[in-house]
Amino acid sequence: MITSIYAALSSFLIVLLSLNVVRLRRSGKVSLGDGGKPALQVAIRTQGNAIEYIPISLILLLLVELNKGNALMLHIGGIALLVGRSLHAYGLTTGNLKLCEPFLFCIFFLPWEKKNSRQNL
């Protein structure tokens, strides 16, 4: 199944983000909460954001696959999920969200453009 590839890769991303939280907790000697440490706050939020968005995205990808969706579109969706979540995590942890802007443009604008170009035919 195509979705299982992206589920495994997404799990790897979540593990990396979790290890970053653990590393910052140990170095800051914080067992619960964020200890008022900005870097730990960002790491926790970055991990939490991935945990919030990846599962629903994978469920939707699986539903498309189970309904015999186009394999190429499934791969495009899976790659977009991985690249988007990775760029988002990188942008939040480095404070450089500018890297995400071109990707966000593609995600939000291109589907609308495709829809509008079909209407003009």
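Modeller: Let's start at Leu 60, which lies in helix H2. Helices here are DSSP runs of H or I with at least four residues, strands are runs of E with at least two, and both are numbered from the N terminus. Keep in mind that this is a predicted model: local features need pLDDT of at least 70, side-chain atom pairs count only at pLDDT 80 or more, and totals for chains, interfaces and linings use all residues. Residues are numbered from 1 along each chain as its sequence is written, and side-chain values use heavy atoms, with hydrogens and water left out.

Leu 60 belongs to a nonpolar surface patch, together with Met 1, Ile 56, Ile 59, Leu 63 and Leu 66. Together these residues have about 610 Å² of accessible area. Patch members need over 30% relative accessible area and no salt bridge; nonpolar side chains (Val, Leu, Ile, Met, Phe, Trp, Tyr) are joined within 5 Å, like charges within 9 Å. The areas come from the Shrake-Rupley method with a 1.4 Å probe, and for residues only the protein chains shown count as cover.

Leu 63 and Thr 3 are 60 residues apart in sequence, yet their C-alpha atoms are 9.4 Å apart in space. Thr 3 is one of the buried residues of H1.

H2 has a buried side too. Its buried residues include Leu 40, Ala 43, Ile 54, Leu 58 and Leu 61, as well as Gly 48, Asn 49 and Glu 65. What do the buried residues of H2 pack against? They pack against helix H1 (2-28) and helix H3 (71-94), where a contact means heavy atoms within 4.5 Å.

Now the neighbours. H1 has 27 residues and reaches 40 Å end to end by C-alpha, close to the 39 Å expected. Among its buried residues are Tyr 6, Leu 13, Ile 14, Leu 17 and Leu 24, and H2 and H3 are part of what covers the buried residues of H1. H3 has 24 residues and reaches 34 Å, close to the 34 Å expected. Its buried residues include Leu 74, Leu 81, Leu 82, Arg 85 and Leu 87. At the start of H3, a side-chain oxygen of Asn 70 comes to within 2.7 Å of the backbone nitrogen of Leu 72.

After H1 comes Lys 29, with a positive phi near 55°. Lys 29 sits in the loop between H1 and H2 and is exposed at 76% relative accessible area. After H2 comes Lys 68, with a positive phi near 60°, in the loop between H2 and H3 and exposed at 74%. H3 is followed by Gly 95, whose phi is positive too, near 80°.

Stepping back, the chain has four helices and zero strands, in the order α-α-α-α. Of its 121 residues, 26% count as buried. Among contacts between residues at least 6 apart in sequence, 58% join residues at least 24 apart. The accessible surface comes to about 8300 Å², with 69% of that belonging to carbon and sulfur atoms.

Methods:
Buried < 20%, exposed > 50% of the residue type's maximum accessible area, 1.4 Å probe, protein only. Salt bridge = Lys/Arg side-chain N within 4 Å of Asp/Glu carboxyl O. Expected span 1.5 Å × (residues − 1). Polar contact = N/O pair within 3.5 Å; in protein donor to acceptor, adjacent residues only side chain to side chain.
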